[in-house]
Amino acid sequence: MFDDTPKSMEEILTEIRSLMQDYSVTAYIVPSVDAHNSEYLSLHDRRLQYVTNFTGSAGTAIITLEGAALWTDSRYHLQAEAQLDSAHWTLMKEGVPGVPSRDQWLLDHLPAGSQVGTDPFLISSTEFDRLARALATGGNRLITLERNLVDIVWNNRPAQTAGPLIPLEIKYSGKRSSEKIADLRVELASNKAAAIVVNGLDEIAWLLNLRGSDIRYNPVFFAYVIVSPSQIMLFTNPDRINETIRDHFKSEGITVNVRDYGEILAGIEDYVEDGGKLIIASSCSQAIYAHIPADQRVQLYSIISSKKAVKNSVEAEGMRKAHVRDGAAVVRYLHWLEENVDSANVTELSGAAKLREFRSVQENFVDLSFTAISAFGSNGAIVHYSPTEETDALITRDNIYLIDSGGQYWDGTTDITRSVHMGTPTAFQKETFTRVLKGFLSLVTAIFPNKTSGTFFDAMARRALWDVGLDYGHGTGHGIGSFLGVHEYPPSIVSSTTPSNQGLQENMFTSNEPGYYEASQFGIRIEDIVQVVKANAPHDFGGRGALTFHTNTVVPLQTKLMDVALMSEREVEIVNKYHERVLREVGPLLLEQEANDAYVWLGKQTQPIGKS
């Protein structure tokens with residue numbers, strides 16, 4: 001009889017170690033991704049969470065016969081400390097001096113000649129190659145196993161989701177799938193390739209103008225696609241290709257052949273046998289990479305990701321409109337919170353639920369874009385905190401409340417963070433908020449040449465904090481999809497050079513989100529979504545093209561937290577002009593929704609500030 005009784009951590013690790021011995025591996029790697037290198041996972045793919053209890057979206061576990069360790073970045077250090085069982089797990093805080101990398105730790109802990117096992121579908125080909133080379137310096141081998149050891153042990157694993165597919169109308173997509181496929185075939189010809197294998201779930205959704213619900217808050221569906229000059233092969237659950245979807249393909253001007261999701265490697269083999277070259281993305285899994293002979297592989301940074309990042313005019317207009325409606329929802333929530341914080345026992349969870357309620361009544365609302373980071377006081381210092389029944393804190397006037405949230409709308413995706421204090425902030429809180437604000441405003445007003453690297457803006461956003469020896473442990477900006485992923489790359493605004501840091505181009509959309517986090521005390525983050533637009537610069541950078549940012553997000557910044565003495569006249573002017581625009585664009589929508597009290601509140605929140 002099948003037993004789905006939850007296992008203890010001791011049982012899970014003991015069973016995995018027994019399997020490791022069966023497979024002759026001394027260490028086993030458990031990453032935080034699925035077969036498509038997704039950041040956000042379905043319940044079916046949360047293997048890292050199952051073996052560690054860690055719920056963050058970025059981390060890697062390594063299990064050896066004697067121990068186990070988890071690596072995660074600074075966004076999750078506090079969260080991981082709280083969630084890991086130290087009797088079984090050692091936390092490796094990436095970025096902290098003295099903490100070894102995964103490579104070095106393995107070299108230090110494994111006897112020469114050891115084998116390290118991994119699932120070939122859950123490690124990118126580029127990472128597999130890099131790690132294999134590193135392990136080889138110690139006489140060790142990285143190998144792929146035919147079965148995932150966590151899956152064997154996971155006796156109550158949720159089934160893989162396969163929800164209905166949702167056609168995205170041309171009035172939202174702005175470009176038919178047939179046109180996107182035609183563009184892709186031009187790339188095939190220029191690379192002298194017979195086909196391209198598409199593995200990114202958001203790339204497939206964008207390419208086919210389809211959306212899904214297989215991963216919560218991410219309108220994607222499990223699939224692969226292979227495009228050749230004469231054929232489009234879709235690998236997914238065939239049961240969901242109904243008459244509606246067939247009609248959609250017809251209206252999009254494409255013919256799609258469907259095979260089962262699990263047949264992707266067999267599908268690749270068909271093209272390999274024909275002898276042509278196949279384009280694969282640098283993010284593709286080792287399983288896909290290894291299935292194509294070296295002389296038939298053309299590996300590039302994802303062609304579709306780069307195209308998808310530059311929104312067409314319909315998508316750009318939809319994003320602007322979605323942010324106005326989303327702004328109305330957030331304004332109504334902040335007003336409601338101010339009115340009820342003293343009497344309604346508002347908690348992080350109940351507050352987030354109320355914000356969802358305000359979003360749900362907005363036109364074109366579909367769902368949230370991620371679980372809200374509703375964080376009061378010390379919880380705000382956990383960068384990607386998510387409240388649970390156990391941690392749910394009461395929101396009061398005694399500290400800063402950070403709310404990072406977003407919505408999925410038919411015409412756009414939103415992501416916004418506001419930090420507010422409904423009582424009397426300390427001088428240090430005002431100083432740190434203002435320094436975060438100064439970095440935030442420096443991006444808003446920047447004029448820069450086409451394809452400027454995101455590293456430039458990351459340093460710009462940190463300068464006011466760096467001036468007094470403060471910093472924050474996350475990137476400053478990430479791309480965002482159009483009714484797709486809330487995190488999309490490119491673009492990226494980070495301190496390091498990464499493949500997704502390809503430089504900013506017109507009609508890319510990115511977040512602008514500097515912050516500051518005082519451990520065990522409070523967190524501050526300000527986040528807007530900005531659009532890269534043309535700028536009027538007299539010399540136009542010698543014909544390279546001048547660009548700047550247009551802010552899409554329209555929600556007031558709390559002036560109570562600003563130390564105006566630290567601000568320049570120009571910064572004060574920028575805040576005042578932004579607030580004029582917020583009232584002008586969001587105010588009429590509040591009145592239309594009969595939220596008259598929220599309109600009055602917004603008027604007060606957008607009053608001009610001045611330097612005394």
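Reply: Start with Arg-259, which makes a salt bridge with Glu-263, their closest N and O atoms being 3.0 Å apart. By salt bridge I mean a side-chain nitrogen of Lys or Arg within 4 Å of a carboxyl oxygen of Asp or Glu. Before going on: this is a predicted model, where local features need pLDDT of at least 70 and side-chain atom pairs count only at pLDDT 80 or more, while totals for chains, interfaces and linings use all residues. Residues are numbered from 1 along each chain as its sequence is written, and side-chain values use heavy atoms, with hydrogens and water left out.

Back to the arginine. At 21% relative accessible area, Arg-259 is partly exposed, and Glu-263 is partly exposed too, at 31%. (Buried is under 20% relative accessible area, exposed is over 50%, and partly exposed is in between, with a 1.4 Å probe and protein chains only.) Arg-259 also forms a salt bridge with Asp-270, with 2.9 Å between the closest N and O atoms. Arg-259 sits in strand 12 (residues 257-259) and Asp-270 in helix 11 (residues 264-273), so this pair ties together parts 11 residues apart in sequence. Helices (H or I, at least four residues) and strands (E, at least two) are DSSP runs numbered from the N terminus. Asp-270 comes out as partly exposed at 38%.

Now for a contrast in setting: Asp-528 and Arg-418 meet in a salt bridge at 2.8 Å, N to O. Asp-528 belongs to strand 27 (residues 528-534) and Arg-418 to strand 20, so here the parts tied together are 110 residues apart in sequence. Both of these residues are buried. Elsewhere, Asp-45, Arg-47, Asp-151 and Arg-157 are linked in a network of salt bridges; the structure holds 35 salt bridges.

Strand 20 (416-421) also turns up around helix 15: it is among the elements that cover the buried residues of that helix, along with helix 14 (313-340) and strand 15 (365-368). Those buried residues are Glu-348, Gly-351, Ala-352, Lys-354, Leu-355, Phe-358 and Arg-359. Seen down the helix axis, they fall within an arc of 160°, so they line one face of helix 15; the arc is that of the directions from the axis to the C-beta atoms. As for length, the 13 residues of helix 15 (residues 348-360) should span 18 Å, which agrees with the 18 Å between its end C-alpha atoms. The expected span is 1.5 Å times one less than the number of residues.

Helix 14, one of those covering elements, contains Val-314. This valine is partly exposed at 31% relative accessibility. Leaving aside neighbours within four places in sequence, Val-314 is in contact with Ile-170, Lys-171, Tyr-172 and Gly-174, contact meaning heavy atoms within 4.5 Å. The C-alpha atoms of Val-314 and Lys-175 are 8.4 Å apart, though the two residues are 139 places apart along the chain.

Helix 16 (residues 427-444) is another one to look at: 13 of its 18 residues are buried, so it is largely enclosed by the rest of the structure.
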